[in-house]
Every structure is written in structure tokens, then in C-alpha cells.
Amino acid sequence: MTDGYKWRSIILDSGADIMTYYQRLVQRAMAAMDQFPRSTVALDAENLTVLARSRSASKVARSAQRALARGRTPVIVEKPRREETWIL
Amino acid sequence: MSPRVLSYPAVGDSPVLFVNILNPRTGRPQIFQMLVDTGASRTCLPATRADFLGHDNLDGRVKTTEVSGVGGKSTAFIHTLRFELVDPDGKIWRKLIPPWRSEVMPVLFVEKMETQAGILGRDILSQWKYVGFRPTPNTPQSAWMVELEL
């Protein structure tokens, strides 16, 4: 293996490390929406893990408020209930 | 000082951004999906999002107004919020510095708004020097790149 190939391989293998936080946020949010398509989901902004999820947005809102009180920053994501056509 | 250009991969197939939204009373941010909508004169959120931000639509002191859209007229509750952009270039959450922050501003929480994302209207967009969209067809997860200049 040449050094050039080795370094390229290392960089590709550690792709998550070269992504920006915002790119990781979009990727994780899309994955959460696909995993829980009928739920409102609150992610923890720092580590992008699921803090709460429910079909009831108000339940997630209460969980998000509790997370805020603990100093966490919730990310609220929700997949459109159906294919949406915007005409605005 | 040269203007700062920010590029955001959109969330899905619409020009949707993640934006920090703060209740000015607590100063604590939450991140929401917001559609960049040059057709909307005012920034708004679904009425159901008021709970998340510590506001109460049923409080008798809350002012209301009527808004019109393609779907007809609706009541909107007026609450005050502050918005921040998320740094699109930072690598680590703890080190992110918001590149732009709004003043505390009135925001409409619309009763008959069935979308999951809020809407960033021209009251916010007009505070930036430029905003545009560029299609990125090879990345279906983010079908647009939203570019703005501060």
C-alpha cells in the first residue's frame, strides 16, 4: 500500500470526523424521521441521541422542557405526515 | 469587514434549515426545522409549537391576529422569540458560535398550519444581504443548498 493510498483510506474511513456538525445534524435528523415517521422526535443537540419521541407533540414538548431545564438543547424533528406539495 | 457567506445543506427536498429559537424570557435555545419562504411576509410556526417554547396560546393576555394563505384564513397567536442561525462550518457542538441573531421579535403561531416545519418569512430574510437556493440533485437527503450572505 502506498502512503498516498493509506492516507486516503484513513480519511474516507473516518468520514464522520470530517463532516461539519450541521451536516451530521441533517443526517441524524433525516434518519430519526425515517425511523419514527409518525412521531415528533426530540434529539439532544450535543450528541444527537433521541431524548423523547411520541405521536403526541405535547408529550414531546413536556420532555423538551425538562431537557431544557437540565441544560440540554432539544432538536425538534417531525416527518411530514404525507407527501407534501407546497404551492406558496 | 468582508461579508460572510453561509451554505446550508437543506433538510430533505425543500429548502428547510435548522434554526435556534429562543424564548427571550429563558434565553434557552431549541432547534427547529424552518422553511425558507420568500413568499411569506411574516415568520410563523404551527400553533402546536407554542408549548415547546414555553408560551401559552390560551393565556388571555396573548394577542391574536388573522393571517391569510393559500389554504384560507386562520387565527394566529402572537408571541415573542429570538432566532439564531447555526454555524454551518463548525465541527463540534460546544464550540459553535451563532453567526447571526435576530432581535426579540413578534412571531405568529398559526392555528391552521399543518406543516411540521415553521416558516422563515421576509421579516427575517430581509435582514440578510442575500439568500438563494442551489439544487444538489446528487444528494437526495439534502436536495438543495441554501446560501445566504450576512
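I take a strand here to be a DSSP run of E at least two residues long, numbered from the N terminus. The model I am reading is predicted.

**Entry 1**

**Entry 2. The contacts of A:Leu43**

I then listed what A:Leu43 touches, leaving aside its neighbours within four places in sequence. A:Leu48 is among these contacts, as are A:Thr49, A:Val50 and A:Leu51.

**Entry 3. The largest nonpolar core**

Which residues touch the most other members of the largest nonpolar core? Among its 56 residues, I found these to be A:Ala42, A:Leu43 and A:Val75 from chain A, with B:Val19, B:Met34, B:Cys44 and B:Phe109 from chain B. Helix α3 of chain A, residues 21-35, gives this core its largest share, six residues.

**Entry 4. Helix α3 of chain A**

I checked the length of α3(A) next. Its 15 residues should span 21 Å at 1.5 Å a residue, and I found its end C-alpha atoms 21 Å apart, so the two agree. The buried residues of this helix are A:Tyr21, A:Tyr22, A:Leu25, A:Val26, A:Ala29 and A:Ala32. They cover an arc of only 135 degrees around the axis and therefore lie on the same side of α3(A). On the face turned away from that buried side I found the exposed residues A:Asp34 and A:Gln35.

What do the buried residues of α3(A) pack against? In chain A I recorded β1 (40-44), β2 (50-54) and β3, and in chain B, β1 and β2 (16-22).

**Entry 5. Where the chains meet**

I found that the contact between the chains takes 28 residues from chain A and 32 residues from chain B. On the side of chain B that touches chain A, β1 (5-9) and β3 (29-36) each supply at least two residues. The largest share of that side, five residues, comes from β3(B). By class, I noted 15 nonpolar, twelve polar and five charged residues there.

Finally, I followed β3(B) to its pairing with strand β3 of chain A, residues 74-78, which is parallel and runs over two bridges. A:Val75 has B:Ile31 as its bridge partner in β3(B).

Conventions:
Residues are numbered from 1 along each chain as its sequence is written. Chains are lettered from A and ligands numbered from 1 in the order in which they are written. This is a predicted model: local features need pLDDT of at least 70, side-chain atom pairs count only at pLDDT 80 or more; totals for chains, interfaces and linings use all residues. A nonpolar core is a set of buried Ala, Val, Leu, Ile, Met, Phe, Trp, Tyr and Cys residues joined through C-beta atoms within 7 Å. A residue is buried if 20 or more other C-beta atoms lie within 10 Å of its own, exposed if 12 or fewer, and partly exposed in between; C-beta atoms are placed from the backbone. Helices (H or I, at least four residues) and strands (E, at least two) are DSSP runs, numbered from the N terminus. Two residues are in contact if their C-beta atoms, placed from the backbone, lie within 7 Å. Ala, Val, Leu, Ile, Met, Phe, Trp, Tyr, Cys and Pro count as nonpolar, Asp, Glu, Lys and Arg as charged, and the others, Gly among them, as polar. Two strands pair if DSSP finds at least two bridges between them. The expected span of a helix is 1.5 Å times one less than its number of residues. The arc is that of the directions from the helix axis to the C-beta atoms.
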